[in-house]
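Reader: Can we go through this model together? I'd like to take it one interface at a time.

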Amino acid sequence: MNQIPYAVVKLARDSQRPTGLDYIQNIFADFIELHGDRRYADDPAIVGGLARLQDRYVTVIAMEKGHTAKQRSCRNFGAPHPEGYRKALRLMKQAEKFGRPVICFVDTSGASCGIGAEERGQGQAIAENLMELSTLCVPVISILIGEGGSGGALALAVADRVWMLSNAVYSVISPEGCASILWKDSKKAEEAAACLKLTAGDALRLGIIERILPETELGEKPFYDRIRRALAEELEALEKDPDLVPKRYDRFRRIGQVKERT
Amino acid sequence: MAFIQFLKPKNALEEGGRTAAPIQQDAGEPEKTCPNCHKPIPLSRLWSSYLVCPCGYHFRMNARQRITMIADKGSFLELFAGIVSDNPLQFPGYTEKLETVQNISGEAEAVVCGTAEIGGRKCCLFVMDPGFMMGSMGSAVGEKITALFEYAMQKRLPVVGFTVSGGARMQEGLLSLMQMAKTSAAVKRHSDAGLLYIAVFTDPATGGVTASFAMEADILLAEPGATIGFAGARVIEQTTKKALPKEFQKAEFVLQHGFVDTLAPRSTQKQLLTRLLNAH
């Protein structure tokens with residue numbers, strides 16, 4: 001049994017899986033990419049802009065890993081720098097100003113880990129997104145399409161609806177990192193993957209996500225058509241909801257399991 | 001991404017610096033060797049100086065010691081003390097680990113919350129404890145912090161918080177991760193109500209706590225020498241294969257890069273907090 005979650009981790013990391021840009025190009029029309037955080041730089045690990053979903057305009061933001069070695073290196077393997085999170089926040093605020101819903105595609109092994117990222121406030125950038133997203137006055141839907149690596153993924157997933165592809169994973173730490181810290185042995189990643197409860201099924205049972213999207217015909221037209229329809233239907237319902245922000249608060253407020261000790 | 005947790009022996013002073021030497025008994029009075037200047041300091045002297053070495057090195061301090069140092073005498077009233085961790089994922093060894101840590105630290109969880117007066121000003125106070133799984137955040141820490149900000153909002157009180165954390169508690173998996181979003185939303189509500197939140201970074205502040213409620217304060221203070229960052233230095237070194245600058249992620253470095261407001265040595269903290277509270 002312990003093998004299975006780690007097999008899903010491997011699938012979620014497969015470089016041939018559709019990436020953020022594949023979803024943008026196949027689900028939306030008229031995508032116009034908007035670059036830069038207006039503070040320091042443009043982060044290629046996060047792609048964002050305006051797009052049309054059937055008859056409405058939306059702001060779409062996606063983490064992009066790339067497929068080829070060259071693309072992956074240019075995209076920093078989908079590990080965003082603080083500038084990526086700040087660009088995402090800028091576009092979300094812009095969406096709020098113009099009353100557009102926000103759709104996020106999450107796929108990262110984690111926020112970029114390096115000297116520059118720390119110097120420019122990786123922790124602060126993620127924290128600010130968590131805070132600001134919690135009160136964004138437009139509908140937000142986040143879909144985890146591959147790896148949902150810790151705080152770096154959550155920074156684009158404080159949403160009204162969070163969905164996961166059936167072979168995506170979502171975790172507080174990589175199985176390798178967990179095994180190396182707990183058991184001083186990164187080779188015990190398979191065991192750690194089972195303990196961490198990181199599959200879509202686990203996340204649904206724990207009340208972390210609302211829906212699992214099946215991967216039938218992954219990357220083909222019917223697959224994207226299904227997601228487009230699901231997004232349009234969900235936005236329809238969310239746009240009518242006058243209590244969007246309080247409900248988003250409650251959505252996260254109830255997560256956690258504690259005991260009362262007298 | 002630093003989710004480092006480890007146990008430390010019971011003596012509060014043993015929670016000091018990572019390379020702290022054991023207490024020496026040979027000189028008659030117990031001493032502790034400073035990991036910074038390598039000189040022995042009599043324990044009595046260390047106690048009277050808020051666990052700060054004459055060289056300026058700040059030893060780690062547990063939650064109750066801090067509360068005694070910061071809150072006006074007898075003013076602290078604990079809240080949410082009954083909220084403790086469960087083992088929701090049935091993570092192997094976690095229940096036993098919690099029991100051991102509870103016994104050793106004497107705390108029920110990694111954060112102590114309540115109301116207090118600081119320089120006569122009433123506020124909500126939270127203090128994290130490095131001796132409890134290195135202040136890691138699971139459901140119970142997230143719940144207590146969230147409940148405190150909600151309480152503070154209801155009572156229209158400022159929040160003062162001392163953070164020390166290795167990050168999210170991996171034994172609670174996604175439930176820990178979600179506490180980052182939950183606490184951030186509570187901080188935002190408190191902030192939108194026009195209320196003040198002051199955070200004091202103490203060593204270390206990393207991972208999911210830095211990337212959520214710790215960094216979201218209106219005013220950010222840092223103890224000199226405290227490590228403040230998102231990813232752990234060791235992980236960064238392994239990933240980038242580069243040697244890190246000596247002062248990397250130290251409070252002074254973080255101040256230079258613009259991510260904290262000022263350094264607050266322990267001896268000046270109460271006075272500074274009082275002045276800040278009085279200004280609001």
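Author: Domain bounds here come from an automatic or database domain assignment. For chain B that assignment gives domain 1 (17-59) and domain 2 (60-278). This is a predicted model, in which local features need pLDDT of at least 70, side-chain atom pairs count only at pLDDT 80 or more, and totals for chains, interfaces and linings use all residues. Residues are numbered from 1 along each chain as its sequence is written, chains are lettered from A and ligands numbered from 1 in the order in which they are written, and side-chain values use heavy atoms, with hydrogens and water left out.

Reader: How many residues of domain 1 of chain B are in contact with domain 2 of chain B?

Author: 7 residues of domain 1 of chain B touch 12 residues of domain 2 of chain B, where contact means heavy atoms within 4.5 Å. The C-alpha centres of these two domains are 25 Å apart.

Reader: And what do the two domains of chain B bury between them?

Author: About 860 Å², with 53% of it on carbon and sulfur atoms. Buried area is the accessible area (1.4 Å probe) that two parts lose on being put together, summed over both. By class, the domain 1 side has 5 nonpolar, 1 polar and 1 charged residues. The classes are: Ala, Val, Leu, Ile, Met, Phe, Trp, Tyr, Cys and Pro nonpolar, Asp, Glu, Lys and Arg charged, and the others, Gly among them, polar.

Reader: How many salt bridges are there between those domains of chain B?

Author: The count is 0, taking a salt bridge as a side-chain nitrogen of Lys or Arg within 4 Å of a carboxyl oxygen of Asp or Glu.

Reader: Switching to the chains. How much area do chain A and chain B bury?

Author: About 4900 Å² between them, 73% of it on carbon and sulfur atoms. In contact are 47 residues of chain A and 62 residues of chain B.

Reader: How many salt bridges lie between chain A and chain B?

Author: There are 2. Arg253(A) and Glu143(B) meet through their side chains in a salt bridge at 3.0 Å, N to O.

Reader: Which element of chain A gives the most to the side that touches chain B?

Author: H6(A), with 8 residues. Elements giving two or more residues to that side include helix H6 (122-133), helix H12 (244-253) and strand E9 (258-260) of chain A. Helices (H or I, at least four residues) and strands (E, at least two) are DSSP runs, numbered from the N terminus. The chain A side divides into 25 nonpolar, 12 polar and 10 charged residues.

Reader: Which strand of chain B does E9(A) pair with?

Author: Strand E4 (residues 83-85) of chain B, in the antiparallel sense over 3 bridges. Two strands pair if DSSP finds at least two bridges between them. Glu260(A) is opposite Ile83(B) in E4(B).

Reader: What about the open sheet in chain B, what is its strand order?

Author: The order of its 7 strands is E3-E5-E6-E7-E8-E9-E10 (chain B), and the pairing is mixed. Strand E3 (77-79) and strand E10 (262-263) of chain B are the edges, each pairing on one side only. Strand E9 (residues 219-222) of chain B pairs with E10(B) in the parallel sense over 2 bridges, and Leu221(B) has Thr262(B) as its bridge partner there.

Reader: Last one. What is the salt bridge count over all chains?

Author: 33. One of the pairs is Glu236(A) with Arg56(A), at 3.4 Å, N to O. This pair links distant parts of the chain, 180 residues apart: Glu236(A) sits in helix H11 (residues 221-239) of chain A and Arg56(A) in strand E3 (residues 56-63) of chain A.
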